Amino acid sequence: MSTPSVKSLTPEIAPRRARKPARLHPLPLRIMHWINAIAIFIMIGSGWKIYNDDVILGWLHFPDWIVIGKWAQYGLQWHFFGMWIFGLNGIAYLAYGVATGRFRQKLFPIRLREIFATVGDALRFRLTHDDLAVYNAVQKILYLGVILVGILIVITGLCLWKPVQFSELAAVFHGFQVIRIIHFLCMAAIVAFILVHVTLALLVPQSFVAMITGGPTMRGAPALAAAPAPVAPTPDSSQ
Ligand code: HEM
């Protein structure tokens, strides 16, 4: 009779390959976040230059010092350049968020009770972000919202860029001018998000630093994909 190999006898107790514990914001997420910030800067600045050429609101022209591109044509070139970075990086971020379970873990669930409590705290200036590992209900809504708006601005952008090739998609929006307006409103929503988001990041400097350094390592979260339940891990205070 042949002797079973040690390997086959002890699968459960075989030493697991040591994995580095995950950080609050893993490296791929940080890279994608900052690439996105640069891409958004290019997209908005160049988009404003293109908009100036054919304004939607008669009273709204963006001053030259704030736009990207000396002429509308240059603005367009910048816009197309930023579009690839924003689009590809966005696809990578969505895939990462779904595949690692980060979206499920960080952005869900959103409970009505939690929303009221967070808004109440904010109105009484008692909103804190002591535990960086957990997003409050308003943060969850803002992040989910900006992700959805990001998807919509790409879809409407595609319809504006290639109205013939994407004619069936464009038809959903009932015309070119409607698509322009939705694209513009998405931009306005993203600008509003950035104003709130950057203000909050500066008000809680440790959250800003964590988005650069990765923040604390997370106990019980060696890899987000391995986390069994959507429970937010707590920072490892022993580190
Ligand atoms: C210079 C500009 C920006 C700064 C300083 C900044 C800063 C930060 C910080 C500090 C966090 C972590 C928040 C926390 O721990 O509470 C964060 C997360 C996030 N930011 Fe930004 N951000 C910027 C631009 C943007 C832009 C332009 C977008 C999208 C349009 C964006 C979308 C997000 C999202 C979705 C998250 C959550 C990421 C996740 O946990 O999966 N940020 N940002």
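Let's start with confidence: the chain averages a pLDDT of 87, and 84% of the residues score at least 70; pLDDT is the predictor's confidence in each residue, from 0 to 100. Over residues 221-234 the pLDDT is below 50, and this stretch has 30 contacts in the model beyond near neighbours in sequence. Two residues are in contact if their C-beta atoms, placed from the backbone, lie within 7 Å.

This is a predicted model, in which local features need pLDDT of at least 70, side-chain atom pairs count only at pLDDT 80 or more, and totals for chains, interfaces and linings use all residues. Residues are numbered from 1 along each chain as its sequence is written.

**Exercise 1. The overall fold**

Task: work out how many helices and strands the chain has.

Solution: 
- Helices (H or I, at least four residues) and strands (E, at least two) are DSSP runs, numbered from the N terminus.
- The chain has 9 helices and 0 strands.
- Along the sequence, the pattern reads α-α-α-α-α-α-α-α-α.
- Among contacts with a separation of 6 or more, 65% join residues 24 or more positions apart.

**Exercise 2. Checking helix α3**

Solution: 
- Just after α3, Gly101 has a positive phi of about 80 degrees.

**Exercise 3. Buried or exposed?**

Task: find which residues of α3 are buried, then look at His79.

Solution: 
- A residue is buried if 20 or more other C-beta atoms lie within 10 Å of its own, exposed if 12 or fewer, and partly exposed in between, with C-beta atoms placed from the backbone.
- In α3, the buried residues are Gly75, Trp78, His79, Gly82, Phe86, Tyr93 and Gly97.
- These buried residues of α3 pack against α2 and α4.
- His79 has 24 other C-beta atoms within 10 Å, so His79 is buried.
- Leaving aside neighbours within four places in sequence, His79 is in contact with Met43, Ser46, Gly47 and Ile50.
- For contrast, look at α5: of its 12 residues, the number buried is 0, so α5 lies largely in the open.

**Exercise 4. A glycine in α6**

Task: explain why Gly157 counts as buried and find its contacts.

Solution: 
- Gly157 lies in helix α6.
- Gly157 has 21 C-beta neighbours inside 10 Å, so Gly157 counts as buried.
- Apart from neighbours within four places in sequence, Gly157 is in contact with Met83 and His183.
- Gly157 and Met83 are 74 residues apart in sequence, and their C-alpha atoms are 8.9 Å apart.

**Exercise 5. Around the ligand**

Task: describe the shell around the ligand and say why it lies between two domains.

Solution: 
- A residue is near a molecule if its C-beta atom, placed from the backbone, lies within 6 Å of it.
- Of the 21 residues around the ligand, Ala37, Ile40, Ala201, Ser207 and Met211 come nearest.
- Helices that each supply at least two shell residues include α2 (27-53) and α8 (176-203).
- Domain bounds come from an automatic or database domain assignment.
- Domain 1 (24-108) and domain 2 (110-212) both give residues to the shell, so the ligand lies between them.
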